[in-house]
Amino acid sequence: MSSLAVLHASQVVTLTGPKRPRIGAEMSELAIIREGGMLVRDGKIESVGPSDEMEKNVGDAEIVDARGRSVMPGFVDAHTHLVFAGNRLDDFERRARGETYEQIAKAGGGIWSTVEKTRAASERDLLAQVKKHANWFLRCGTTTAEAKSGYGLTVNDELKILRVLRQLKEEVPLEIVPTFLGAHAVPRELSPDEYLDIVVGEMLPRVTAEKLAEFCDVFCERGYFEVDRSRKILSAAEKHGLSLRGHVDQLTNSGGAKLMAEMGATTADHLEQTDEQGIVALKKANVQPVLLPGSVYALGSSRYPRTREMIEAGLAIVLATDFNPGSSPTPSMPMVLSLACTQMKMSPAEAITASTVNAAYSLNRGDSIGSLEPGKVANFAIFDCEDYRELAYWFGMSQAYSVYVKGECVSRSSGL
Ligand code: NIG
Ligand code: FE
């Protein structure tokens, strides 16, 4: 494999620091090297430092001149629903007319309408749509994405979605971390308990036997999976060796955060309605919150999670897109950074930490990605800005100039 020497960057945002998720004031420390450089060999980071020092060891490496630009770890998007068929344009328009997410779901839109389309799609058609989505992520500077099933809701359709993800890994450079979300909704044809038996008795054993997922997730919510049923599913998943995540307290404060703490989950996601007690429980159990402002924004709500309280409580916050056709149709982590700073009052530095190194830890990959440190995988992006804060400041456009996975350029913007 080849070597690269990235030189003369106005900032190399390394996020060098303790080998664990960052909390409190640590979230503001990005360990930036001005006029910096980085040497990459065989897909790994060899060294990072001042550009003039790096220049001494260039050897036969290909030189990448990053003058006037910033180099950062690739974004790690720790919550996406990457695989679905079609879109939800009708829901979008109904919401614009004032209907709520729950009203639209009851009237035949919502998750269920995507389930019907996804069931009807062949593996080949799904793969074609998902490849298009995966390339959107790369273009925005994301190099790793967690991806959930959840729009199949039968044994065969859930397996189909997870197999599409496995195939996707072979065909696009975006790194994928698969999550089983069979418990995304109760299918129309079954009662909640009948479906729970299928998730636990049939889906989980098949998913784990075929090693199709690393995590199990559940939509813990009134009308979806109440706390007791969520607990049963997560307990079964744990016995199968999966790590746990959960959609909790998104629409109502139903004790979801506490459940994730009780289960020792890796993450508790959404948390828009979580109160102080929920925050205390997450801290005690060391659960990482995954905050998803894109879905709050796109649903037209203003109820963002209590982010500053979470940071003050010492939670290792993660930011993610929640990319999905219903509540958050964006693959853009820079858009999420903008929302985090303007709506949740995170600083740009905190938002960068939450979307790189903290996100990597939340996917059990903190030792290999999420920061630019020697020995880590060379997943990084060069952005067309001199100061990392510009990423959150300019919004509605991509500043990604070039994106690298394992030291290979996988996306380059044209026309800059
Ligand atoms: O994270 N809350 C549940 N799941 C998604 C929405 C899925 C959909 O509407 O299709 C979410 O917001
Ligand atoms: Fe989600």
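How many salt bridges are counted between domain 1 and domain 2? The count is one. The legends below describe a predicted model.

**View 1. The two domains of the protein chain.** Domain 1 is made of two segments, 3–74 and 370–412, and domain 2 spans 76–362. Their C-alpha centres are 29 Å apart.

**View 2. The area buried between domain 1 and domain 2.** Together the domains bury about 2600 Å², with 69% of this area on carbon and sulfur atoms. Of the area that domain 1 buries against domain 2, 23% is supplied by Met27, Gly74 and Ala392, more than by any other three residues. The contact involves 33 residues of domain 1 and 33 residues of domain 2.

**View 3. The salt bridge between Lys406 and Glu175.** The closest N and O atoms of Lys406 and Glu175 are 4.0 Å apart. Across the interface of domain 1 and domain 2, seven residue pairs are in polar contact, both residues being at pLDDT 80 or more.

**View 4. The side of domain 1 that touches domain 2.** Strands S5 (70–73), S15 (380–383), S16 (400–405) and S17 (408–412), along with helix H16 (390–393), are the elements that give two or more residues to this side of domain 1. S16 provides the largest share, four residues. By residue class, the side of domain 1 that touches domain 2 has 20 nonpolar, eight polar and five charged residues.

Definitions and conventions
Residues are numbered from 1 along each chain as its sequence is written. Chains are lettered from A and ligands numbered from 1 in the order in which they are written. This is a predicted model: local features need pLDDT of at least 70, side-chain atom pairs count only at pLDDT 80 or more; totals for chains, interfaces and linings use all residues. Side-chain values use heavy atoms; hydrogens and water are left out. Domain bounds come from an automatic or database domain assignment. Contact means heavy atoms within 4.5 Å. Buried area is the accessible area (1.4 Å probe) that two parts lose on being put together, summed over both. A salt bridge is a side-chain nitrogen of Lys or Arg within 4 Å of a carboxyl oxygen of Asp or Glu. A polar contact is a pair of N or O atoms within 3.5 Å; within protein, one must be able to donate a hydrogen and the other to accept it, and residues adjacent in sequence count only if both atoms are side-chain atoms. Ala, Val, Leu, Ile, Met, Phe, Trp, Tyr, Cys and Pro count as nonpolar, Asp, Glu, Lys and Arg as charged, and the others, Gly among them, as polar.
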